[in-house]
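Have the model open in a viewer with the sequence panel beside it. The stops below say what to select and what is there.

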Amino acid sequence: KRGDPEAESGGYTDSLGWVLFRKGKLAEARELLEKAAASPESAPDAVVWDHLGDAAFRQGDKKRAAAAWAKAAELYADTQQ
């Protein structure tokens, strides 16, 4: 629901972006995943960056995909310590 602060959270944005990605709506998905990655709330979440990497790769943006996956790997490694 628009205007609901919880619905605008990074977690919801990432989830909606991932659903759109799985439905093949790559441009819409990537826009939301970029927004989630830029959100202070969800930027530290490795899954967000992993999703963004997948979306960028499917759009042919290998440079952005590699950067997003590198960030995801860094965040995943931080959680293992």
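Select Trp18 first. In this predicted model, Trp18 has a relative accessible area of 22%, so this residue is partly exposed.

A pair of aromatic rings is described by the distance of the centres and the angle of the planes. There are two aromatic pairs to visit by this rule. For Trp18 and Phe21 the ring centres are 4.6 Å apart and the planes lie at 20 degrees, so this pair is stacked; the cut-off for stacked is under 30 degrees.

For the other pair, select Phe57 and Trp69. Their ring centres are 5.6 Å apart with the planes at 40 degrees, so the pair is tilted. Phe57 belongs to helix α3 and Trp69 to helix α4 (residues 62-80); the two are 12 residues apart, and the pair links distant parts of the chain.

Start with α3 and α4, whose axes are 8 Å apart and which pack at an angle of about 160 degrees. The two helices are therefore roughly antiparallel to each other, as the cut-off for that term is over 145 degrees. The crossing of α3 past α4 is left-handed. To see the contact, select Ala46, Val47, Trp49, Asp50, Leu52, Gly53, Asp54, Ala56 and Phe57 on the α3 side. On the α4 side, select Lys62, Arg64, Ala65, Ala68, Trp69, Lys71, Ala72, Leu75 and Tyr76. Coloured by class, this contact shows 12 nonpolar residues, one polar and five charged.

Keep α3 on screen and bring back α1. Helix α1 (residues 10-22) and helix α3 (residues 46-58) have axes that come within 10 Å and cross at roughly 30 degrees. That angle is why α1 counts as roughly parallel to α3. Here too the crossing is left-handed, as α1 passes α3. From α1, Asp14, Trp18 and Phe21 make the contact; from α3, Val47, Val48, His51, Asp54, Ala55 and Arg58 do. By class, the residues of this contact of α1 with α3 are five nonpolar, one polar and three charged.

Move on to helix α2 (residues 26-38) and select Ala36, which is found there. Ala36 counts as buried, because its relative accessibility is 0%. Which residues does Ala36 touch? Leaving out residues up to four places away in sequence, Ala36 touches Gly10, Thr13, Asp14, Ser42, Ala43 and Val48. Now draw a C-alpha to C-alpha line from Ala36 to Tyr12: the length is 8.5 Å, while the two are 24 residues apart in sequence.

Finish by showing the whole protein chain as a cartoon. There are four helices and zero strands, and the pattern along the sequence reads α-α-α-α. Of the 81 residues in the chain, 36% are buried. Among contacts with a separation of 6 or more, 41% are between residues 24 or more positions apart.

Definitions and conventions
Residues numbered from 1 in each chain as written. Predicted model: local features only at pLDDT ≥ 70, side-chain atom pairs only at ≥ 80, totals over all residues. Heavy atoms only, no water. Axes fitted to C-alpha atoms, helices over the stretch in contact; angles between N-to-C directions. Parallel < 35°, antiparallel > 145°, perpendicular 65-115°, else oblique. Left-handed = near helix turned anticlockwise from the far one by under 90°. Contact = heavy atoms within 4.5 Å. Nonpolar A, V, L, I, M, F, W, Y, C, P; charged D, E, K, R; others polar. Phe/Tyr/Trp six-rings, centres within 6.5 Å; stacked < 30°, edge-to-face > 60°. Buried < 20%, exposed > 50% of the residue type's maximum accessible area, 1.4 Å probe, protein only.
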